[in-house]
Amino acid sequence: MSDFTSDFWHLYVAGLTLVSIIACLILLWISGTTKAATHADNTTGHVWDGDLAEMNNPLPKWWVYLFIITVIFALVYGALYPTFGKFQGVLGWTSQGQHTAEVEKVEAAIAPIYAKFNGMPPEKIAADAEAMAIGERLFMNYCAQCHGSDARGAKSFPNLTDQDWLGSGDHAYIKATIGQGRVGVMPPMAAAVGGPEDVRNVANYVLSLSGSPHDAVRATQGKEKFAACAACHGADGKGMAAVGAPNLTDGIWLHGWGEEAIARAVNNGFNNQMPAQAALLNDAQINVLASYVWGMSNKTGN
Ligand code: HEC
Ligand code: HEC
């Protein structure tokens, strides 16, 4: 695909390239025919270090031929491949086309390896040693940088080995998450809760739900304010997979715990994103990888 928006720039670039190549030949020709004024002994008269005289000999033939070959090479290359402005070259080669062809080749090569896992139930894939070896390698390449090589995650990056999920946590959910990514959105809630004191109170109430250290008086005062949170986290705070709102009663904290961390959650909300991986992995790979991830928290045994 050409990025030129007008023919002028195409001609400008193509012309400049061609003129530069031809200029190389002209330079070669001029330097081969014009001789600098020399003394009778074929020296230029420049002498260094007492006796080091500069001779005026023609360029060696092998060097001249090499130069001519590079010019011919440039012209042939320019005729075959995109070189001159938007002229595509007679081979019609594009980097995009080469990439597509390479991807197709790889997909054709790996398809038979994955074929036997297509349509297999996740429990069976998770119990298959070969599938799990493939899953582990895919995980190390595509997931470990965010979820950790042991898949236990980090602050704001979920642990994938526990039973605690933002969504439903079944195989279809994991598959969809890998392919399409996900966005965990909680709007800033401070205005709905009240002033800064109310935010601290509701934070202590949230801590009390999991029996985490908290200020009991503040928690009692914050209980009522939790009504603003119930639409997503549920009246009992146990979360709602359908909106991706986590369980606040289990003592598992994706974004950290303590009055300060929870007040920050209420004040700022979240916009936590996992990028879609569908452009990097095909369906068959995602199927095996999802089974590998599913298997980490659903130990089946062989
Ligand atoms: C660039 C970082 C990044 C990469 C790479 C990444 N993830 Fe994620 N992943 C996240 C974040 C952040 C979340 C949490 C999103 C949210 O809060 O909704 C997440 C969420 C998930 C969830 C849902 C967890 C839950 O508790 O519901 C699954 C499953 C998951 N990732 C699997 C994977 C797999 C498998 C890969 C490799 C193909 C992967 N992720 C690659 C950042 C990443
Ligand atoms: C519109 C829905 C919605 C409302 C209303 C809402 N939340 Fe959330 N909340 C979420 C979602 C979704 C997440 C998960 C963000 C993510 O995926 O990273 C979350 C995450 C959290 C977390 C982080 C949990 C952890 O594991 O670290 C806390 C704490 C929290 N919410 C507290 C509250 C409180 C307190 C209120 C009420 C003042 C509230 N939320 C209201 C949707 C909501």
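Which residues does His171 touch, not counting residues up to four places away in sequence? In this predicted model, the list is Pro122, Asn287, Ala290, Ser291 and Trp294. His171 itself is found in helix H7, which covers residues 171-180. With a relative accessible area of 13%, His171 is buried, because buried means under 20%.

Now for the iron atom of ligand 1. Its protein donors are the NE2 atom of His147 and the SD atom of Met274, and they lie 2.0 to 2.1 Å from the iron. The iron site has six donor atoms, with angles of 88 to 179° among them, and is octahedral. His147 sits in helix H6 (residues 144-147) and Met274 in strand S4 (residues 270-274), so this pair ties together parts that are 127 residues apart in sequence. How accessible are the two? His147 counts as buried at 10% relative accessibility, while Met274 counts as partly exposed at 23%.

Next up is ligand 2, which has 25 residues around it. Coming nearest are Met186, Cys229, Cys232, His233 and His255. Oxygen atoms of ligand 2 also pair up with N or O atoms of the protein, as listed here:

| Residue | Where its N or O atom is | Distance to an oxygen atom of ligand 2 |
|---|---|---|
| Leu254 | backbone | 2.7 Å |
| His255 | side chain | 2.6 Å |
| Asn272 | side chain | 3.4 Å |

Strand S3 (182-186), helix H11 (227-233), helix H12 (259-268) and S4 are the elements that give two or more residues to the shell around ligand 2. H11 supplies the largest share, with four residues. Sorted by class, the shell holds 20 nonpolar residues, five polar ones and no charged ones.

Methods. Residues numbered from 1 in each chain as written. Chains lettered and ligands numbered in written order. Predicted model: local features only at pLDDT ≥ 70, side-chain atom pairs only at ≥ 80, totals over all residues. Heavy atoms only, no water. Buried < 20%, exposed > 50% of the residue type's maximum accessible area, 1.4 Å probe, protein only. Contact = heavy atoms within 4.5 Å. Donors = N, O, S within 2.8 Å, 3.2 Å for Na, K, Ca; no water. Tetrahedral: all angles 85-135°; square planar, octahedral: opposite > 155°, others 65-115°. Near = heavy atom within 4 Å. Polar contact = N/O pair within 3.5 Å; in protein donor to acceptor, adjacent residues only side chain to side chain. Nonpolar A, V, L, I, M, F, W, Y, C, P; charged D, E, K, R; others polar.
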